[in-house]
Amino acid sequence: MIISISSKDNEKVKLTKSLLKSKNRIKESKFLIEGFRIVTQAIDCNADLQYVFINENFEIKEEHKKFLEVLKSRNIKIYKTTNKIFNDFIDTENTQGIVGVVGTKERKIEEILSEDCRFVLILDRIQDPGNMGTIIRTADAAGVDAIINLKGCVDIYNSKVIRSTMGSIFDMKIINMTQHDAVKELKNRNFEIVSSYLDTDNFYDGVEYNYKTALVIGNEANGVNDELIKESNTLVKIPIYGKAESLNAAISSAILMYEIKKYMV
């Protein structure tokens with residue numbers, strides 16, 4: 001059954017629109033996903049898809065009609081609204097006419113750092129949504145077991161982050177932690193902490209990595225913070241052969257993740 005809603009004052013409409021703001025996503029433990037592909041991925045990954053909104057044009061395509069039948073078979077509520085109201089849910093110009101509301105997962109440290117967890121990514125104040133999303137997507141591709149976000153990182157449920165993850169937001173184990181707690185938990189579990197750092201003689205491909213490694217990627221402008229550098233077992237850098245001062249954080253993380261992964265396969 002598809003429920004039609006035509007009032008902007010409807011409670012479901014107001015709740016959905018409110019999720020564009022981070023404070024409301026935290027309060028409601030929900031986030032928005034936009035687009036046919038990512039809503040499909042949410043279903044495939046058994047994400048907690050709670051309901052969807054479609055606009056007036058969504059049912060034009062036969063593929064979309066079939067997908068709505070899948071949603072119905074899973075008892076996922078479908079709301080149809082006007083194009084004008086629907087556009088209040090999105091921040092893109094070319095919409096595919098569907099948004100979903102997904103419940104966030106509360107992760108415990110025991111789940112994140114389980115016994116078979118060997119490769120962790122620590123993100124220190126990554127602030128650009130595109131970088132964050134690309135890093136999450138790359139971590140998924142490179143076989144990283146878990147991601148720890150430290151204070152100061154952009155909200156991973158920001159719409160730009162989610163689009164950049166290309167669905168990996170549903171696959172990766174991600175947790176927010178304080179730096180103190182993260183370092184303590186990792187060292188108690190025999191992880192070696194490796195930080196990307198320009199002021200070192202160690203090139204990333206000239207060191208051997210531990211069988212349990214936590215890689216730290218720092219802030220786009222300032223790198224890894226000084227306290228975390230002091231807690232690190234190893235500091236590595238990527239050589240710069242041209243005139244650029246440094247590499248983009250997402251690119252650096254990709255190079256380092258794939259190098260470290262060599263020691264884990």
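This report walks through the sheet, the nonpolar cores and a few salt bridges of a predicted model.

## About the model

Local features need pLDDT of at least 70 and side-chain atom pairs count only at pLDDT 80 or more, while totals for chains, interfaces and linings use all residues. Residues are numbered from 1 along each chain as its sequence is written, and side-chain values use heavy atoms, leaving out hydrogens and water.

## The sheet

Six strands make an open, parallel sheet in the order β8-β7-β6-β10-β9-β11. Strands are DSSP runs (E, at least two residues; helices are H or I, at least four), numbered from the N terminus, and two strands pair if DSSP finds at least two bridges between them. β8 (174–176) and β11 (234–236) each have a single partner strand, so one side of each lacks a neighbour in the sheet.

Strand β9 (residues 192–196) is joined to β11 by three bridges, and Val 194 stands opposite Thr 234 in β11.

## The cores

A nonpolar core is a set of buried Ala, Val, Leu, Ile, Met, Phe, Trp, Tyr and Cys residues joined through side-chain atoms within 4.5 Å. Buried means under 20% relative accessible area, exposed over 50%, and partly exposed in between (1.4 Å probe, protein chains only). The largest core has 53 residues, and Ile 33 and Leu 121 have the most contacts inside it. A second, separate core of 22 residues includes Val 120 and Met 177.

## Salt bridges

There are eleven salt bridges in the structure, each a side-chain nitrogen of Lys or Arg within 4 Å of a carboxyl oxygen of Asp or Glu. One of them links Glu 259 and Lys 262 (3.1 Å, N to O); Glu 259 is buried at 8% relative accessibility, whereas Lys 262 is exposed at 56%.
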